[in-house]
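Open the model in your viewer and keep the selection panel at hand. We will go stop by stop.

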Amino acid sequence: MAVVKTISAIGHRIVDTVWRIGVAARFFFLTLLYSGNCLRRFHLVIKELFSTGVMSLIIIIVAGLFVGMVLGLQGYETLKRYGSESALGVMVALGLVRELGPVMAALLFASRAGSAMTAEIGLMKATEQISAMEMMAVNPIARIVAPRFWAGVISMPLLAALFSAVGIFGGYLVGVVQIGVDEGSFWSQMQAAVDFREDIMNGIIKSVVFGTVVTVIALFEGFDAPPTAEGVSGATTRTVVTSSLAILMLDFVLTAIMFRGA
Amino acid sequence: MPAPALVEIRDLNFTYDKRPVLQGINMTFPKGKLVAIMGLSGCGKTTLLRHIGGALKPTRGYVKFDGQVMHELDAKGLYLMRRKMGMLFQFGALFTDMSVYDNVAFQMREHTDLSEEMIHNLVVMKLNAVGLRGAQHMMPSELSGGMARRVALARTMALDPMLVMYDEPFAGLDPISMTVIGDLIRSLNDALGATSIIVTHDIQESLKIVDYVYFMANGVIVAEGTPDELRACDTDFVRQFVHGEMDGPVPFHYPGVDYRQALNLRA
């Protein structure tokens, strides 16, 4: 009997997961469908851009600076073994633009802005604000979800670009200012090796995909949260965990598609 | 000649998870009247309000509002009907990321093409009606419970709805705020020529202001009448409810195993 119960429990879990993915996909579709209103009244998106994008600036800048400085140190130590210290700029820039910029910025975005979105919408549900909006004949997906979704999609590539720029500056501080790598070769080799379409555009595509996925997960978890303190706290945790795993898995898939054999 | 009905409920039944929540409910809410639905927590009052708002579909029967059967409407039709309604939620449900002013202006901005100047004048008038003109720049977190309820009342009245529903409007208020909210509900209903439905279990406060009362217990109507008729009513349930008696048709003890058995005592 124990075996049957275990198999039954696993089956229920799988069915629940598939069902939730279906509901989330429907939620994403409805968000796109009801986006017209917020795109016409763009000030609604700008308001959300402030809380998702601008409020994430500090953490992105500080983290970017330190990641760039660590890359500068580690890169110098490795490149020195092969007498290629002058390629430090290339290594820092490619590492950040292709991988660390989009991925780290998305992970930080999920923990800072994603969790805040889930908690805010979950609490709006718990305090009947969403029901009140429905009773006022205002579609909550159009008025609450869609502006936040577009704010997330727009702010994520900008934050990733900022993360990479500050990271490169961090690498410059450590490599050139502190260690003494030649400044000319640091910048010129970087300029020659980093390709706009191959590296920067692919990095931007990655960050748009991550921004979409993280924002949809955060909004769905908030909208679907049981209207209790425990429910909102569980939803916030799920947002960070699910988003982080999704970012790392998608990063592998996108990297395999974009850079295979390049 | 009695006033025509704005809301009619006929043979309304609703079952949730095989448990009957509402059974054979028949109610009439005439235009311009203030009607209370009273009963214990969990007796189906809020479920009934959600049926009137079209948020739930009945298992049998119907709710008719302004001549339309609510559960037969599609999403667009439902939203059109909801523009004629207002609902005051139990704790106000103010939008916490907006100021008092923006909360009251919300529906005007969403549903009308009025200029900001016109909206400003209307918001100030609505806030003045609830005595909170001076609080328009405050955020919901800065308001007391009574003030939040008054702002929510101003927001509910923003587009002069035909029907206003109040879900426990007196819950958690001090006696002064309770009287203020009660008086505002009555005076705004009369001034706007609206129809109001109050779901409450605060019997003393609501009997002062309403025109008619339905008593509910376990999903059915157990008594109805004007406030004077109910004060004089001698059925066990109404007497227990009106006088707040501890034991009666509504038992003090939740059903469970025999007390002796629970204490492991021999009979």
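**Before you select anything**

This is a predicted model: local features need pLDDT of at least 70, side-chain atom pairs count only at pLDDT 80 or more, and totals for chains, interfaces and linings use all residues. Residues are numbered from 1 along each chain as its sequence is written, while chains are lettered from A and ligands numbered from 1 in the order in which they are written.

**Stop 1: chain A**

Chain A has 10 helices and 0 strands. Helices (H or I, at least four residues) and strands (E, at least two) are DSSP runs, numbered from the N terminus. Read from the N terminus, the order of elements is α-α-α-α-α-α-α-α-α-α. Along the principal axes, the C-alpha atoms of chain A fill a box of roughly 65 × 55 × 30 Å.

Now think about burial. A residue is buried if 20 or more other C-beta atoms lie within 10 Å of its own, exposed if 12 or fewer, and partly exposed in between, with C-beta atoms placed from the backbone. Of the 262 residues in chain A, 45% are buried.

Contacts come next. Two residues are in contact if their C-beta atoms, placed from the backbone, lie within 7 Å. Take the contacts in chain A with a separation of 6 or more: 87% of them are between residues 24 or more positions apart.

**Stop 2: where the chains touch**

**Stop 3: the six-stranded sheet of chain B**

Find the open sheet of 6 strands in chain B, with the order 6-7-8-3-9-10 and mixed pairing. Two strands pair if DSSP finds at least two bridges between them. Strand 6 (85-88) and strand 10 (220-225) of chain B stand at the edges with a single partner strand each, so one side of each has no neighbour in the sheet. Neighbouring strands of this sheet are turned by 20° against each other on average, direction ignored.

Select residues 34-39 and 195-200 of chain B. These are strand 3 and strand 8, which pair in the parallel sense over 5 bridges. Ile37(B) stands opposite Val199(B) in strand 8.

Axes are lines fitted to C-alpha atoms, for helices over the stretch in contact, and angles run from 0 to 180 degrees between N-to-C directions.

**Stop 4: the four-stranded sheet of chain B**

Move to the open sheet of 4 strands in chain B, with the order 2-1-4-5 and antiparallel pairing. Its edge strands are strand 2 (19-30) and strand 5, each pairing on one side only.

Select strand 1 (residues 5-16) of chain B. Strand 1 runs antiparallel to strand 4 (residues 60-65) of chain B, and 5 bridges join them. Ile9(B) has Val63(B) in strand 4 as its bridge partner.

Continue to strand 5 (residues 68-69) of chain B, which pairs with strand 4 in the antiparallel sense over 2 bridges. Phe65(B) is partnered by Gln68(B), and Lys64(B) stands opposite Val69(B).

**Stop 5**

Most residues other than glycine have a negative phi. Select Asp11(B), in strand 1 of chain B. Its phi is near 45°. Is Asp11(B) buried or exposed? Asp11(B) is exposed, because 12 other C-beta atoms lie within 10 Å.

Then pick Asn218(B), in the loop between strand 9 and strand 10 of chain B. Phi of Asn218(B) is near 50°. Asn218(B) is partly exposed, with 15 other C-beta atoms within 10 Å.
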